[in-house]
Amino acid sequence: MNSRAVVDSETSDKYLRIASISIALYDYIITLPAEWRFYRSQSSIFNLSIACILFILIRYVSIIVMLVSNYGNFATNFTQETCQHYYMMAPIFKVIQTMVSQVILGVRTWNIARRNRRIGMVLVLLFFTSITLEWFTNMFARIPVVVDGNCTPGNSGKTLSAWLYYVIAMMYDLVILTISTTHLLQYDILSSRLERVVKVLMYDGIGYLVVLTGSNILNIVLYRESNVQTQVIISNFRIPWKLNAMSVHFYD
């Protein structure tokens with residue numbers, strides 16, 4: 001890949017990052033009233049519900065991922081030595097973010113399945129299998145890459161394993177949302193209110209799957225097409241903000 005192509009790739013990535021930051025900021029602002037209602041509905045600040053805790057975690061862990069990833073990308077004062085202490089932070093927080101989102105999807109699906117014990121065991125097995133593979137694929141053969149003073153995590157292996165992280169995340173989302181949608185279709189709707197709730201849950205699930213699958217496919221394509229210097233810049237571009245809306249609709 002020639003130098004001009006690398007520059008074009010880096011420029012495109014910066015536009016993508018700015019776009020994702022803008023979406024995140026917009027989502028944060030418009031969901032502040034729902035967040036405030038969520039907090040006020042709690043009996044005590046020391047007795048938060050699981051729903052509220054998960055909402056806080058996905059909301060603010062996602063913000064941390066954005067800050068850590070974009071700081072490393074836009075910074076101009078990193079050296080190879082200082083990057084050694086920073087480059088793994090973005091991948092670590094990215095997997096933590098994914099774990100929280102998968103817990104939310106799992107709890108949502110378990111509740112939709114009327115807390116069926118067998119479904120619960122399947123969900124737990126899927127969760128631990130998924131996060132084990134995600135930690136491995138996202139951490140394996142990582143190296144610090146410093147380009148013009150920024151600091152990003154590269155992949156030194158002959159086979160780029162980090163892109164498999166997105167494949168695993170997509171598979172988990174697909175399986176979990178298939179289970180929840182199947183159970184939603186089995187509900188015997190006796191009132192218009194219940195019908196509205198089922199529709200909201202179904203549309204939220206489908207919307208989440210479309211948005212996250214689209215962003216993960218974009219990550220895979222960009223990651224596979226880029227070289228070792230530019231692949232690490234785009235690997236953290238993801239849109240987790242649909243999950244905030246899902247959480248608000250499901251728990252509000």
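**Exercise 1.** In this predicted model, is E35 buried or exposed? Then find which residue forms a salt bridge with E35, and state what the pair ties together.

*Solution.* 
- Step 1. Take the relative accessible area of E35: 3%. Buried means under 20%, so E35 is buried.
- Step 2. Look for the partner. R59 forms a salt bridge with E35, and their closest N and O atoms are 2.8 Å apart.
- Step 3. E35 belongs to helix α2 (residues 32-40) and R59 to helix α3 (residues 50-74), so the bridge ties together parts 24 residues apart in sequence.
- Step 4. Check R59. Its relative accessibility is 0%, so R59 counts as buried.
- Step 5. Count. The structure has 1 salt bridge by this rule.

**Exercise 2.** Which polar contacts does the side chain of K94 make, and how far away is the nearest side chain of opposite charge?

*Solution.* 
- Step 1. Locate K94: helix α5, residues 89-112.
- Step 2. K94 is buried but has none; E134, the nearest side chain of opposite charge, is 10 Å away. The cut-off is 4 Å.
- Step 3. List the side-chain contacts. K94 meets the side chain of Y166 at 3.1 Å and that of N138 at 3.5 Å.

**Exercise 3.** What lines the second largest cavity?

*Solution.* 
- Step 1. Get the volume: about 50 Å³.
- Step 2. Count the lining: 12 residues, with S69, A90, C151, T152 and P153 nearest the centre.
- Step 3. Assign elements. α3 and β2 (150-155) each give at least two residues. The largest share, 4 residues, is from α3.
- Step 4. Sort by class: 6 nonpolar, 5 polar and 1 charged.

Notes:
Residues are numbered from 1 along each chain as its sequence is written. This is a predicted model: local features need pLDDT of at least 70, side-chain atom pairs count only at pLDDT 80 or more; totals for chains, interfaces and linings use all residues. Side-chain values use heavy atoms; hydrogens and water are left out. Buried means under 20% relative accessible area, exposed over 50%, partly exposed in between (1.4 Å probe, protein chains only). Lys and Arg count as positive and Asp and Glu as negative; His and the chain ends are not counted. A polar contact is a pair of N or O atoms within 3.5 Å; within protein, one must be able to donate a hydrogen and the other to accept it, and residues adjacent in sequence count only if both atoms are side-chain atoms. On a 1 Å grid over the protein atoms alone, a cavity is a set of points where a 1.4 Å probe fits but cannot get out, and a pocket is an open set with protein on both sides within 12 Å along at least five of seven lines; lining residues have an atom within 4 Å of a point. Grid points are joined across faces, edges and corners, and a volume is the space filled by probe spheres set on the points. Ala, Val, Leu, Ile, Met, Phe, Trp, Tyr, Cys and Pro count as nonpolar, Asp, Glu, Lys and Arg as charged, and the others, Gly among them, as polar.
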